[in-house]
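Dear colleague,

I am handing over a structure that you have not seen before, and I would be glad if you looked through it with the notes below at your side. The sequence and the coordinates come first, and my findings follow.

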Amino acid sequence: MEYKIELERMEFRAFHGCYALEQQVGNRFTVDLEITTELGDVAKDDAVEQAVNYLTVYEIVRARMAVTQRTIERVAMNIIEALYAAFPQIRHIRCRVSKLAPPLGGKLDRVSVVLEK
């Protein structure tokens, strides 16, 4: 049996962007994750040590957000790859990375990419 874990609107200040100014002054970003994983005996045995620990997931996302990239596509892929490496029981990840108020010369709430693997 599978189940989903969702972490929504994790917010970070980071320095991703293709422009030098973005990499110097930074911006606000959000990350949303939907992780599908094997249930195994987690629920039956109340076995937290067998679960995908969402504190660890958050720490992985925070660490990946601290690595400056030129594209948010690369940021999302870094997050996905790190999560698969940490938790072999994961079956699917949907990761949305959003740059809030991107510098596009007009009013825009956010720009987002969504990667699934």
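In which loop is A101 found? A101 sits in the loop between strand 3 and strand 4, and its phi is positive, at about 45 degrees, although A101 is not a glycine. A positive phi also turns up at R9, a residue other than glycine, where the value is near 55 degrees; R9, however, has its place in strand 1, and with a relative accessible area of 43% it is partly exposed.

Before going further, please keep in mind that this is a predicted model. The average pLDDT of the protein is 92, and 100% of the residues score at least 70. Confidence is lowest in helix 2, residues 42-45, where the mean is 73, while helix 4 has the highest, at 98.

As for the overall fold, the secondary structure comes to 4 helices and 4 strands, which follow one another along the sequence in the pattern β-α-β-α-α-α-β-β. The C-alpha trace spans about 55 × 25 × 20 Å along its principal axes, and of the 117 residues of the protein, 40% count as buried. Among the contacts with a separation of 6 or more, 60% are accounted for by residues 24 or more positions apart.

The largest nonpolar core holds 27 residues, of which V31, L33, I79 and V97 touch the most other members. At least two residues of this core come from each of strand 1 (2-14), strand 2 (27-38), helix 3 (54-65), helix 4, strand 3 (90-100) and strand 4, and helix 4 gives the most, with 6 residues.

The largest pocket has a volume of about 210 Å³. It is lined by 15 residues, and the closest of these to its centre are C18, E22, I72, K99 and V111. Helix 4 (72-86) and strand 4 (110-116) each supply at least two residues of the lining, which divides into 8 nonpolar, 3 polar and 4 charged residues.

Finally, the loop between helix 3 and helix 4 deserves a look, and two of its residues are described here. Not counting residues up to four places away in sequence, Q69 touches F15, H16, G17, Q23, R74, V75 and N78. T71 lies in the loop between helix 3 and helix 4 as well, but T71 is partly exposed, with a relative accessible area of 35%. H16, already named as a contact of Q69, is 55 residues apart from T71 in sequence, yet the two are 6.6 Å apart in space, C-alpha to C-alpha.

With kind regards

Methods
Residues numbered from 1 in each chain as written. Predicted model: local features only at pLDDT ≥ 70, side-chain atom pairs only at ≥ 80, totals over all residues. Heavy atoms only, no water. 1 Å grid on protein atoms, 1.4 Å probe; cavity = no way out; pocket = protein on both sides within 12 Å on 5 of 7 lines; lining within 4 Å. Points joined across faces, edges and corners; volume = space filled by probe spheres on them. Nonpolar A, V, L, I, M, F, W, Y, C, P; charged D, E, K, R; others polar. Core = buried A, V, L, I, M, F, W, Y, C linked by side-chain atoms within 4.5 Å. Buried < 20%, exposed > 50% of the residue type's maximum accessible area, 1.4 Å probe, protein only. pLDDT = per-residue confidence, 0-100. Contact = heavy atoms within 4.5 Å.
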